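Here's a friendly walk through one protein model. Have a look at the picture first, then read on.

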Amino acid sequence: RNTSQNTTQNLQLISDTAAPGTTPEPENSMVCAAGLSRTAIVLIGFTASCSCASSAFVTSGIGISSRPSAHLALSPAVRPHHARVGGGVVRLRSAATLGGQQDAKQGALSKVAWGQLQSKEFRHPVDLRATRALERLFPFPEVFRAGPGAVVEQAVYLENLSTSIRVGPNQLPRIHASVLQALKVLNLEDCPVEVFVKQNSQPNAYTMAMQGKKPFIVIHSSLVDLMTEAELQAVIAHELGHLKCEHGIFITMANLLTIAAESLPFVSLFSDAIRGSMMQWMQAAELTCDRAALLVSQDPKVVVSVIMKLTGGSRSFASDLNPDAFLKQARDFEEESNNSWIGRRMAASAAQVRTHPLPVTRVQELDKWSQSPEYLALLQKGVPLKPLPPAPL
């Protein structure tokens with residue numbers, strides 16, 4: 001490929017308004033991750049001394065509709081499998097059905113936490129296999145942490161500190177309390193993550209941690225407006241899932257591998273296959289983080305509602321949105337797309353242009369895992385938590 005074209009594309013990968021590997025989307029679409037700042041782009045290019053190195057540094061986000069290219073497919077390994085639903089009636093199990101404990105005084109469900117929770121206990125199988133493969137290919141991740149990633153992390157952290165509101169005990173204290181509870185549930189209490197709220201009309205949240213010294217989560221103000229407190233905590237938990245699984249460092253390593261594959265003679269012949277495998281993993285990583293959101297919310301309806309609102313939600317009719325109906329819609333899509341060749345091609349095509357799985361795929365995968373023996377066993381092992389105080393009237 002022409003070097004100048006590569007440079008332009010790589011800068012576009014981490015623009016402020018598009019997800020990794022995408023072109024900017026219209027205002028009403030949900031990007032999968034906000035990119036790095038232009039200052040960070042310059043620092044990456046200077047530090048790495050390579051015109052294409054900047055595309056290796058990406059952030060991970062909650063959003064819905066990123067479109068990297070027309071040839072990247074969601075592997076069948078990531079597609080959900082479901083039993084038939086009789087009578088067309090679909091019900092999500094509530095937290096009470098799934099093993100939560102009732103608080104006698106509050107009359108509310110108390111959550112559980114896991115003091116020894118490891119990421120492998122909730123990771124999607126494709127995510128786990130791909131990560132182990134990358135660990136074998138790159139046995140020294142410290143090289144990536146100490147390289148350009150350190151400069152990027154510091155630059156973006158300073159930008160957040162200067163252009164956003166930092167959440168803390170004296171600043172947005174209810175969000176802060178929600179973050180602390182999510183950290184405790186996921187056994188991340190030692191993680192020095194900071195949360196920032198940034199003014200932005202696109203509902204989104206994203207995270208980044210290269211060195212691990214200054215991990216952060218950025219939440220857009222429009223997302224805060226759109227979500228309930230429980231849903232906002234699920235969003236935060238999704239981003240904490242990326243941090244717990246260290247997706248940032250492994251995505252960086254995978255991107256470098258892809259860049260090498262596209263640049264070297266002969267190896268470039270296999271670049272499409274390599275990129276396809278990488279996309280399969282990134283989509284599975286998002287499913288992993290949806291599971292992290294469920295571990296914190298401990299109510300499938302909350303996480304499904306987050307995905308539903310990111311798909312087509314609005315404050316003006318939020319009270320009319322129905323997670324059960326959205327799950328039925330997801331299963332209707334699967335049935336319709338499986339019953340005709342055109343439907344299968346349309347479903348495959350839709351999967352090929354996204355770094356995140358289709359919203360309906362995410363919902364079905366989450367529903368399946370919420371009823372799995374693995375999830376139910378985790379709930380039984382959890383230790384009850386003190387509930388968050390009720391919101392002020």
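## Ground rules

A residue counts as buried under 20% relative accessible area, exposed over 50%, and partly exposed in between (1.4 Å probe, protein chains only). This is a predicted model: local features need pLDDT of at least 70, side-chain atom pairs count only at pLDDT 80 or more, and totals for chains, interfaces and linings use all residues. Residues are numbered from 1 along each chain as its sequence is written, and side-chain values use heavy atoms, with hydrogens and water left out.

## The whole chain

The protein chain has 15 helices and nine strands; these are DSSP runs numbered from the N terminus (helices H or I, at least four residues; strands E, at least two). Of its 393 residues, 54% count as buried.

## Salt bridges

A salt bridge here is a side-chain nitrogen of Lys or Arg within 4 Å of a carboxyl oxygen of Asp or Glu, and the count comes to 11.

Take arginine 174 and glutamate 229: their closest N and O atoms are 2.8 Å apart. The pair links helix α6 to helix α8, 55 residues apart. Arginine 174 is partly exposed at 27% relative accessible area, and glutamate 229 is partly exposed too, at 45%.

Now for another pair, glutamate 231 and lysine 309, with 2.7 Å between the closest N and O atoms. Glutamate 231 lies in α8 and lysine 309 in α11, so the bridge ties together parts 78 residues apart in sequence. Both glutamate 231 and lysine 309 are buried.
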